[in-house]
Amino acid sequence: MAEFWNGYLLPGILILAQILVLVVPLLLAVAYLTLMERKVLAAMQLRMGPNVVGPFGLFQPWADAVKLMFKEPILPTGANKVVFVIAPMITFILALIAWAVIPLGTGLVIANINVGILYLFAISSLGVYGIIMAGWASNSRYAFLGALRSSAQMVSYEVSMGFVIITVLLLVGSLNLGHIVEAQHGGFWKWHWVPLFPMFIVFFISALAETNRHPFDLPEAEAELVAGYQVEYSSMSFALFFLGEYANMILMSAMTAILFMGGWLPPFEFGPTAGVLGALWGFFWFFLKIFVLLFVFIWIRATLPRYRYDQLMRIGWKVFLPLSLIYLVIVAGFVTYWPR
C-alpha cells in the first residue's frame, strides 16, 4: 500500500494540485480580460463601459458566466451532433494544456521539458482542428466559410512565427523556455527584442492573426460571415470558444514576453533573486509584461480598421515570410562567424 501511495497516488495528487493552481487563476484572468477589454474600449471611445453589476462593473464577468451556463444549448437539426459538441471542447482544452510548459518564474513550471517550443508548436497546430470541426459539423455555409478563412489564416501566420522562433533558438541554443529566459539576464538591453526587433514586430503581428484578433478578425467579420465558424453555437459551447480565444491571447502574450522581453526578469538587475520573494518578484514582472501586451492587443482593436482578406494573405506570404527568412539567414551567419 505504501508503494502504491508513494509511487502512483501521491505524484498524481501533486500534479493535479499543480494543474488546479495554474488553471483556476488562468480562467479568472480570462474572465476579467473580457472586462478589461470592454473598459479599455469604452475609455478610448469616451464611453462608460460595464458599470452596473457590482462596484465598477467588477461582477460583470460572473454575470456573463451565469447567463451562459443557464442558456439553452441549441443543436442544429442538420448538424453532426458528436463533432458539433466536441469541437469547442478541443479548442478550450488545447488553449489550457499549452500552459504546461510556460515558466512563470525560476522553476515555476509544470513540465520543464527540453523541447518546450516544439510542444507549443504541436499544440498550436492542433488548434486548427477544433475550428474546422466546428465549421463543418454546423452544416452551415457561413460557419464552414468562416472555418476555412480562420484555418487558412492560422496556417499562413504559423509559418512566419516558426521562422521567428528559430531566430531566437539560434541565439540561445536551446528549445527549453526557461533557458531562453535565462539567456536574457543583464537588463532590458540584453533582451532579444533589441537584436531581433524586426522579428519581435513580426511575431506580435502574427500573434494577432493567429488569435483572430483585430485587425485580422476576418473569420468573425459580422458584415460578411455573421459570426464566423461559431455562428451556430450558443450557451456554454459558445463560451468555450470564447474562453479559448482569450486564453490564447494570454498565451501569445506570455510567449512574446518569454522570447523577446526577458520573461520573469526585471528590466534592471535589482530586487530579490532567490527564495519565495524572488519567485514573487519574477512573477510580478512576468504578469506586468503580459498585461502590457494584452493592453496593446485591445488598443489595436480600438484603433485600426479591419484588413481585407487578400491584404491579410499578402502580408503573411509576401512580406512576413521573406522578411523572417532573410533575418533567419542573417542571424545564422552571425551566430556561425561571431559566436558568443
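How far apart do the axes of H5 and H9 come, and at what angle do they cross? They come within 10 Å and cross at roughly 30 degrees.

## Basis of the model

This is a predicted model, in which local features need pLDDT of at least 70, side-chain atom pairs count only at pLDDT 80 or more, and totals for chains, interfaces and linings use all residues. Residues are numbered from 1 along each chain as its sequence is written, and side-chain values use heavy atoms, with hydrogens and water left out.

Helices (H or I, at least four residues) and strands (E, at least two) are DSSP runs, numbered from the N terminus. Axes are lines fitted to C-alpha atoms, for helices over the stretch in contact; angles run from 0 to 180 degrees between N-to-C directions.

## H5 against H9

The axes of H5 and H9 cross at roughly 30 degrees. H5 is therefore roughly parallel to H9. Angles under 35 degrees count as roughly parallel, over 145 as roughly antiparallel, 65 to 115 as roughly perpendicular and the rest as oblique. The crossing of H5 and H9 is left-handed (the near helix is turned anticlockwise from the far one by less than a right angle; clockwise would be right-handed).

Contact means heavy atoms within 4.5 Å. From H5, Met-161, Val-164, Ile-165 and Val-168 take part. They meet Met-252, Met-255, Leu-259 and Phe-260 of H9. The contact of H5 with H9 has eight nonpolar residues, no polar and no charged. Here Ala, Val, Leu, Ile, Met, Phe, Trp, Tyr, Cys and Pro count as nonpolar, Asp, Glu, Lys and Arg as charged, and the others, Gly among them, as polar.

## H3 and its two partners

H3 packs with H4 at about 160 degrees, with the axes 8 Å apart. H3 is therefore roughly antiparallel to H4. Their crossing is left-handed. On the H3 side, the contact residues include Val-83, Phe-84, Ile-86 and Ile-90. On the H4 side, they include Tyr-119, Ile-123, Gly-127 and Trp-136. By class, the contact of H3 with H4 has 15 nonpolar, three polar and no charged residues.

H3 also packs with H9, at an angle of about 25 degrees and with the axes 8 Å apart. These two helices are therefore roughly parallel to each other. The crossing of H3 and H9 is left-handed. Among the H3 residues in this contact are Pro-88, Met-89 and Phe-92. Among those of H9 are Ser-237, Phe-241 and Asn-248. The contact of H3 with H9 divides into nine nonpolar, four polar and no charged residues.

## Cavities

A search of the whole structure finds two cavities of 30 Å³ or more. On a 1 Å grid over the protein atoms alone, a cavity is a set of points where a 1.4 Å probe fits but cannot get out; lining residues have an atom within 4 Å of a point. Grid points are joined across faces, edges and corners, and a volume is the space filled by probe spheres set on the points.

The largest cavity holds about 460 Å³ of space. Its lining has 28 residues. Ser-124, Met-154, Glu-210, Asn-248 and Met-252 lie nearest its centre. H3 (81-97), H4 (116-137), H5 (141-172), H7 (197-210) and H9 (235-260) each supply at least two lining residues. The lining has 17 nonpolar, seven polar and four charged residues.

The second largest cavity holds about 40 Å³. Its lining includes Val-101, Pro-103, Asn-112, Gly-116 and Asn-176. By class, this lining has six nonpolar, four polar and no charged residues.

## Backbone details in loops

His-214 and Pro-215 are joined by a cis peptide bond, with omega about 10 degrees. Pro-215 lies in the loop between H7 and H8 (222-225).

Leu-46 has phi near 60 degrees, a positive value in a residue other than glycine. Leu-46 is in the loop between H1 (2-44) and H2 (60-70).

Definitions and conventions
On a 1 Å grid over the protein atoms alone, a cavity is a set of points where a 1.4 Å probe fits but cannot get out, and a pocket is an open set with protein on both sides within 12 Å along at least five of seven lines; lining residues have an atom within 4 Å of a point.
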